[in-house]
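Here is a friendly tour of one protein chain. Have the structure open as you read.

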Amino acid sequence: MTSHRPSAVIIMAAGLGTRMKSATPKVLHEIGGRTLVGHAVVTARALAPEQLVVVVGTGREQVEAHLATIDPGVKTAVQEKQLGTGDAVRAGLTAVPAEFDGVVIVTSGDVPLLQAETLHELIAEHDKQSNAVTVLTARVPDPTGYGRILPGEGGTVAGIVEHKDATPEQRQIDEINAGIYVFDAATLRDGLSRITTDNAQGELYLTDVLAIAKRDGKRVGAFVTDDAMQTEGVNDRVQLATLRAELNRRTLDALMRSGVTIVDPNTTWVDQTVQLAPDVTLLPNTQLHGTTTVATGAIIGPDTTLTDVEVGEDATIIRCHGSGAIIGAQASVGPFAYLRPGTTLGVAGKIGTFVETKNAAIADGAKVPHLTYAGDATIGEGANIGAGTIFANYDGVEKNHTTVGKHSFVGSNSVLVAPRTIADGAYVAAGSAVTDDIEPGQIGVARGRQRNIDGWVARKRAGSKTAKAAEAAQQEPNQAPLSDTDEKA
């Protein structure tokens with residue numbers, strides 16, 4: 001059961017993040033296809049809050065610009081100086097209407113594994129126990145550095161003591177504060193007006209609000225999660241890598257349980273923003289990023305990286321890098337193909353070995369099998385592009401387009417100098433440099449006529465191995481065809 005009272009979420013994302021040693025604000029570092037603060041915003045949105053506020057500070061221009069792209073409805077509040085969690089939440093409340101009288105959920109912008117289901121359970125516990133404040137806690141084997149939960153009577157929380165302020169006995173407590181809370185709005189506002197900096201850090205601790213509520217006779221409770229990893233935060237790149245790996249493990253586990261085959265989870269990475277249908281198969285060393293979607297029956301990999309790519313049913317993609325592309329049902333791509341943005345491949349189409357495409361529409365059943373660059377091109381249904389073909393789309397100033405019609409054939413080692421149109425049912429002879437359009441039913445031949453010059457090797461390469469081989473071949477007697485008698489013998 002969750003609360004039906006109005007709710008507001010305040011995400012603390014103003015920290016300095018000095019241990020990241022990065023010019024990028026900590027909360028803008030990415031794991032699993034989202035920034036750290038992006039994960040926090042998605043989780044908060046799942047609660048459908050009336051107010052969603054992100055408290056920004058260091059690098060706030062970058063953070064605000066990012067928030068505007070991922071969730072324009074997010075409000076921001078500025079913490080001018082990093083004076084502690086109490087000061088951060090106090091800044092966040094300035095963006096919440098003064099008349100708001102519901103529950104305020106406080107989370108952090110650097111805790112990416114936190115799930116909305118856990119927050120729903122936290123709010124439900126808050127309502128069930130009629131708490132003024134409820135804190136999310138976890139039991140961990142090594143609580144060093146965390147605030148400890150001091151137990152009170154009747155399952156309440158007597159207080160929270162920060163590690164640096166804790167006594168040796170209190171440091172033995174293994175239940176830690178996850179830094180995630182539900183407050184009644186009135187209790188939060190009143191408590192923030194009364195906290196001080198009388199502590200080891202000289203900061204305004206949000207945890208002091210709990211102690212004030214307790215002294216005022218209000219009930220302060222805890223909800224213990226059995227998944228401590230959801231409470232883990234990121235302070236440096238080691239922790240970032242640890243949580244990235246754990247998030248990916250959880251993502252792959254969920255996919256496999258939904259019907260996706262992942263041959264080697266240790267070398268497979270899938271963003272949370274990716275969508276995979278049942279009976280998709282991912283082979284080793286596959287990475288799927290962004291808004292990639294893969295339909296049932298498709299086989300991806302090995303050694304494949306796709307970003308923002310749509311893959312149709314029963315398609316196969318082998319050793320390919322692609323971005324911003326659409327691959328049709330039963331199509332095949334690779335190995336060693338490079339699909340750049342704007343590539344579309346139709347049903348049962350083929351993009352083969354060492355082929356690069358960009359802004360190329362390749363229709364149903366069309367084939368670009370080998371060693372080709374197809375840029376700014378339209379290739380019609382059933383057309384075949386021979387090995388080594390170049391769509392010469394750039395004239396040094398502008399990009400130009402080439403169209404190859406339905407069931408047309410372009411011979412190997414040809415150059416199509418854009419802008420060009422090869423009509424339906426036309427041919428291009430191998431080795432042609434096509435500078436004029438070709439009409440339906442025509443064959444375009446654009447190459448010099450072959451000449452064989454007698455004696456050239458003897459004159460120009462005298463004494464070489466080639467010359468000796470030619471001389472020997474010329475001196476061999478002509479072999480007469482075998483007679484019937486010879487064959488029988």
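## Domains

Please keep in mind that this is a predicted model. The domain assignment divides the chain into domain 1 (8-231) and domain 2 (260-444). Between the C-alpha centres of domain 1 and domain 2 there are 48 Å.

## A look at Q79

You will find Q79 in the loop between β5 (75-78) and α3 (85-93). Its relative accessibility is 4%, so Q79 counts as buried. Beyond its neighbours within four places in sequence, Q79 is in contact with A14, V55, V56, G57, G84, D87, A88 and A91.

## Aromatic pairs and a charge over a ring

The count of aromatic pairs comes to three. In one of them, the ring centres of Y181 and F183 are 5.5 Å apart with the planes at 35°, so this pair is tilted. Y181 is buried at 4% relative accessibility, and F183 is buried too, at 0%.

F336 and F354 form a stacked pair, because their ring centres lie 5.2 Å apart and their planes are at 10°. F336 sits in the loop between β24 (332-333) and β25 (337-339), and F354 in the loop between β27 (350-353) and β28 (356-362), so the pair ties together parts 18 residues apart in sequence. Here F336 is partly exposed at 44% relative accessibility, and F354 is partly exposed at 49%.

Lastly, look at Y394: K399 lies over the face of its ring, 5.7 Å from the ring centre.

Conventions
Residues numbered from 1 in each chain as written. Predicted model: local features only at pLDDT ≥ 70, side-chain atom pairs only at ≥ 80, totals over all residues. Heavy atoms only, no water. Domains from an automatic or database assignment. Helix = DSSP H or I, 4+ residues; strand = E, 2+ residues; numbered from the N terminus. Buried < 20%, exposed > 50% of the residue type's maximum accessible area, 1.4 Å probe, protein only. Contact = heavy atoms within 4.5 Å. Phe/Tyr/Trp six-rings, centres within 6.5 Å; stacked < 30°, edge-to-face > 60°. Lys NZ or Arg CZ within 6 Å of the ring centre and 35° of its normal.
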